[in-house]
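Please consult the sequence and structure shown below.

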Amino acid sequence: MKLNIDHKSQTPLHIQAEALLREMIQREEYQKGKLLPNEVDLSKQLNISRNTLRQAINKLVYEGLLIRKKGYGTKVAAKGISGRAKNWYSFSQEMQALGIQVQNFELHVSWQTAGNEVCSFFNLQPDQPVLTLERLRGKKDFPFVYFISYFNPELGISSDENFANPLYEILEKKYGVKASLSYEEISAIKATPFLCKKLNIPNDDPVLFRRRLVYDENKRPIEFNLGYYRGDSFVFSVESERK
């Protein structure tokens with residue numbers, strides 16, 4: 001399969017590379033477990049930088065389509081069961097639709113050293129400081145979710161913002177950044193002592209863990225969000241339409 005990038009196109013290089021990768025991994029040999037070409041060879045073939053190629057690969061990794069292992073390589077992920085929902089909402093919008101008034105019990109803003117996942121998602125240098133927002137939220141007198149949000153440094157968000165206001169309204173009105181696309185993973189995990197204390201639940205109770213990866217209209221990553229929900233307080237529903 002010959003892969004070509006149009007360097008004269010107005011479509012960003014990483015988006016072109018992403019489209020080629022999506023086509024490439026549908027081939028039978030990759031579906032059966034063959035490793036993708038290494039980043040050095042593939043970036044040379046496409047005549048793009050490794051960082052540009054890595055940005056495209058990261059997108060597919062976080063969608064669960066590819067698995068990348070250090071020292072081994074990148075391959076197509078085994079197909080599992082997943083649900084996909086359109087018309088995603090922010091937490092405030094979700095609660096508003098249910099007629100629930102959102103309350104912030106804790107709100108902390110800081111610059112933290114980004115971990116490997118966050119650096120990979122935003123294509124940052126290792127251990128780069130990232131603006132981090134931590135919030136304990138819920139309804140009146142009942143906190144039931146703990147959020148941690150990391151923001152792409154490219155956005156230039158100030159730590160002095162009033163994050164008690166709806167997050168995506170701040171991004172759109174003050175920074176011209178519209179959250180347009182979200183990829184999510186939801187799983188059940190055992191609560192850590194830290195989460196048990198925050199959510200006021202017994203030791204080792206299960207919590208619903210949601211990882212949300214948010215992009216703007218140009219598919220630029222803008223937020224890496226982790227949410228931990230009390231298991232007795234949240235139900236995730238998916239509406240599917242067959243056509």
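A residue counts as buried under 20% relative accessible area, as exposed over 50% and as partly exposed in between, with a 1.4 Å probe and protein chains only. The model is predicted, so local features need pLDDT of at least 70, side-chain atom pairs count only at pLDDT 80 or more, and totals for chains, interfaces and linings use all residues. Residues are numbered from 1 along each chain as its sequence is written, and side-chain values use heavy atoms, with hydrogens and water left out.

**Helix α4**
- Helix α4 covers residues 50-62; its 13 residues should span 18 Å at 1.5 Å a residue, which agrees with the 18 Å between its end C-alpha atoms.
- The buried residues of α4 include T52, L53, A56, I57 and L60.

**Packing of α1 on α4**
- Contact (heavy atoms within 4.5 Å) joins L13, H14, A17, E18, L21 and R22 of α1 to T52, L53, Q55, A56, I57, K59 and L60 of α4.

**Packing of α3 on α4**
- The axes of α3 (residues 39-46) and α4 come within 9 Å and cross at roughly 105°, which makes the helices roughly perpendicular.
- On the α3 side the contact involves E39, V40, L42, S43 and L46, and on the α4 side R50, L53, R54 and I57.

Definitions and conventions
Helix = DSSP H or I, 4+ residues; strand = E, 2+ residues; numbered from the N terminus. Expected span 1.5 Å × (residues − 1). Axes fitted to C-alpha atoms, helices over the stretch in contact; angles between N-to-C directions. Parallel < 35°, antiparallel > 145°, perpendicular 65-115°, else oblique.
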